[in-house]
Each structure stands twice: as structure tokens, then as C-alpha cells.
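Good morning, and thank you for coming. I would ask you to look at the sequence and the structure on the screen while I go through some of the elements in turn.

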Amino acid sequence: MTRTRFQQEMEELREKLLRMGGLAELAVDRACQAYSDRDLARCQAVLENESLINAAEREIDELAFDILATQQPAAVDLRFILAVTKINSDLERVGDQAVNIAERVMDLIELPAADLPVDIPRMAAAVGTMVRRALESFVEGKAELAQAVLEMDHVVDRMRDEAFIMLVRKMNEQPEVTQQALDALLVARNLERVADHATNIAEDVIFWVLGADVRHHAQTIAAAANQTDQPGSQNQ
Amino acid sequence: MGVGITVEHVNAFYGKNQALFDINLVVQANHATALIGPSGCGKSTFIRCLNRMHETIPDARVEGTVRIGDLSVYNGTSATQLRRRVGMVFQKPNPFPTMSIYDNVASGLKLNGFRDRKKLDEVVERSLNGAALWAEVKDSLHKKSGASLSGGQQQRLCIARALAVQPEVLLMDEPCSALDPISTGKIEELIFQLKEQYTIVIVTHNMQQAARVAEFTGFFLLGKLIEFDKTEKIFTTPSDKRTEDYVTGRFG
């Protein structure tokens, strides 16, 4: 009993999620590039891209729902589908955050350029790495890759905190750039939220691969790895 | 009330062929325990070792220790003595075809010399109630034969017949495999209720059924008990790769 049709549907689900991951990653990259280059065309591309992400979210949910209803998956397959539906939702939110960033950039383009004490490209690079690695951990079915993403989250949190302190100070010192500083602060907050979604994705990959719930430090990955062999590669 | 079952180093043979290898297992009292595995894995052989049915096959034998409550199954206990405490329900409903519904249920007690009509009436009603069949047959207890009932009703009649002798353990060997989904649902609902009073061991090919009715599940493969754990663990995060391959349908 090899359940060929089931395996095909699982593969299709995986491919759809990867395509969606690509779209969400591209949206964040474009929005951040638009910030650096004050590029209106890229902002518009992000806004147009959003409908593709939303459509992909619905397609993935529909397929996952069908598989659950018709195939009664168990064990690693059940964990995989639950993880996919949650990652799907996180990726859609990543797309929303990219749109928020693009809207802030469109606002900034309308305003005079200001020298702001915040390194958004550096933060964007760190967040981009987290999203990419979270998706890689899903592609490879490797919990250790996902664990590396979890460890990066506090770095981005610190960047957001620093940006907040520096930008508030700038607003006090130069009230004429308050609007620009506020936009940059919101961009930093949106990027930090993208990092949170990457963290969620990594946690879902760990759940799929090891069956461990590491959210809110409920279980450590080391303890989970001791209990279970990593079976995730079966869905490759 | 149900009693626990302790199985230690059980090996079972059909002539020279060994069918079970060193099975060790503790079945909790008043819980349902499911045994799953591909055809020929030994799960039915195992359940038949619990009530000494295995040895009814020529050349078949069992080694090891089985204790049902305080009863040592392979050490001085007669099969009759044992089967008063361990009821069994089979894959295909097997009511006595010429007996009425009433006589089917009362047969175990009558065979043991029980003749008090009033008491028999009570036992029949209680057993049919216990098997969730009373309401459907109470007006035709003496008029209808066991064989005239539907498949699902016949299976519940067999459960009532097993309950009538007030066993402590109920063994079920694929009790729903010949039944439609509605009858299957009724039997599963019944298993859920029965485990308050009995210890249930069920062999099933239907993994969703095991997941639905049992608190504990054992996975057998090639005569060995590969994994035994809480049911939710077996179906969400099994420890053994072979269990995972089986419950996800990668083989079997």
C-alpha cells in the first residue's frame, strides 16, 4: 500500500507552499529595496503581488482541507499538514507586512529625504535571512536549520528597540522630520513582525519534523530530538 | 469491574512455525486497548492466547505467562474457568441461528446450569441494554431468532451474549469488519461505554477505529510487538519508524 494519490497530493501541497513562500519573500525584498532606492514602481509591484499571495493562501487551505477530509493522514503526515496550514497563514501575514512597508515607503517618497539614524537595510538583511532559512528548513525538513532561525529572533528584536530609541530622539531633536522618522519606525516594526512570522514558521517545521511543540519554550528541541527520529525527509 | 492483563515473554507457535516472539505487555483495567498491524502480523494469534483459543488449533502451543487479574492463564486454570471471565466477540457475528434472541443471550448461563427464570430475565435485559440492543428487540425476544437480525444487531447480540456471563475482560477480534458505518458507529459507541465496566482488547484493521476507541494501542509486525503506547502518541508521534510507516500507510 503506497497511497500514490495521497503522496501526490502531499507533494502538490508542499510545492504550492514553496511557491507561496517565494512570493512572500519576494514581497519583503522588493519593499525593502524600494525603501533604500525610494522606488515607487517597486512599491506598486508589492501591492499588486498581494492578490497572488492571498489567492495562494486560499488554494493551500483548500487542498489541505481536502487531504484531511479524504485521506485521514496520521503521524508525520498529519503534523506536516497542520504545519503547512499554519505556515500558510504566517506567509500571508508576511505579505501583509510587505504591503505595510511599501505604503510607508510611498509616504516617504512624497516627503523630503531625511538623514535618519536607523539602518533599515541591515535590519532587512537579517529579517530576509530568517525568512529564507525558515523556508529552507521546510524544504529540507531539518529541525536544526529551523532552530537557527529561532536563535536569530532576538537580534532583530534588539534592532527594532534600538531603532525606536534613536528615532524618537531624532523626532525630539528635529521635529521637522517627525513624519519621516515615524514612517521609518513603522517600517522597523513591520520588519520585526516579519521576523516573528519567520520564527513561527521555524517552530512549525520543528513540530512537523520532531513532533515537538517548542512555542513559548513549551519543550526544548534537544529533548524532542531524543524522543523521535527525524522522519521529515519522507515528504521530500 | 474489569481487571488488568499482564503478558510476559509470550511465544506462540503453529507446529514448528513461530507466530509470536517474546511479547511483553500490560493491559490496563477498564481501558480499551487496540492491536493493529498488517495481515499475518500475529495480532489475532495474540488475542487468542489471552483466552486459550490458540491451543484449540492442532499442533499450536503457547509459551510464557499471561495473568488476567489474579488468574494465571497457563498455570492450572481450566479453559472453562477462564472463559467465564474473558468474553470474546469475533469478526463475523455468530449468533446461534436456531435459538431465539432471548436464548442466545441466556445460553452461557444455561450451560452453567442457571435455571432461575426471573434472574435469567433480568440478566437478558441487562445484557441487551449493555449491548445497546434492548430497545430494538425487547418486543421480539422469543419470537425472532438471532439469525433474523441485521448484521449490526447480530454483532451486538453476540456482545450481549458475552456480557451475560459477567466477564471482566472482553476480547474483540475485528468486531466491525463485516458491518456498515452506522452499525460500526454503534459498536464503537458501545465500546466506549463498556470500558467503564470491562477491560477491552480489540484487534482492528481500521486504524481510525483504533484511534477513536482505544486509550492504548499496540503495533504488531512479523510476530513482534514493535511499539505499545498511548493511542494519541502512536497516531501523532510514534517512536518507531516502522510504526510510523504503517500508520501513515507507507506499507501494510
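In this predicted model, strand β1 of chain B pairs with strand β4, residues 60-68 of chain B, in the antiparallel sense, and eight bridges hold the pairing. Within it, B:Phe13 is placed opposite B:Arg61 of β4(B).

Strand β1(B), residues 5-14, has a further partner: strand β2 of chain B, residues 17-27, to which seven bridges join it, again antiparallel. Here B:Ile5 lies opposite B:Val27 of β2(B). β1(B) and β2(B) form a hairpin, with two residues between the strands. In that turn, B:Gly15 has a positive phi of about 60°.

Which order do the strands follow? The order is β2-β1-β4-β5 in chain B, an open sheet of four strands with antiparallel pairing. β2 and β5, the latter being residues 71-72, are the edge strands of chain B; each has a single partner strand, so one side of each is left without a neighbour in the sheet.

I turn next to the helices. Two packed helices are described by the angle between their axes and the distance between the axes. Helix α3 of chain B, residues 101-111, packs against helix α6 of chain B, residues 151-164, at an angle of about 30°, and their axes are 7 Å apart. An angle under 35 degrees counts as roughly parallel, and α3(B) is therefore roughly parallel to α6(B). Their crossing is right-handed.

Among the residues making the contact are B:Gln155, B:Arg156 and B:Ile159 of α6(B), together with B:Lys186, B:Ile187 and B:Leu190 of α7(B). The contact of α6(B) with α7(B) comprises four nonpolar, four polar and two charged residues.

Finally, a word on confidence. Chain B averages a pLDDT of 93, and 100% of the residues score at least 70. For the complex, the predictor gives an ipTM of 0.74 and a pTM of 0.83.

Note on methods. Residues are numbered from 1 along each chain as its sequence is written. Chains are lettered from A and ligands numbered from 1 in the order in which they are written. This is a predicted model: local features need pLDDT of at least 70, side-chain atom pairs count only at pLDDT 80 or more; totals for chains, interfaces and linings use all residues. Axes are lines fitted to C-alpha atoms, for helices over the stretch in contact, and angles run from 0 to 180 degrees between N-to-C directions. Angles under 35 degrees count as roughly parallel, over 145 as roughly antiparallel, 65 to 115 as roughly perpendicular and the rest as oblique. A crossing is left-handed if the near helix is turned anticlockwise from the far one by less than a right angle, and right-handed if clockwise. Two strands pair if DSSP finds at least two bridges between them. pLDDT is the predictor's confidence in each residue, from 0 to 100. Two residues are in contact if their C-beta atoms, placed from the backbone, lie within 7 Å. Ala, Val, Leu, Ile, Met, Phe, Trp, Tyr, Cys and Pro count as nonpolar, Asp, Glu, Lys and Arg as charged, and the others, Gly among them, as polar.
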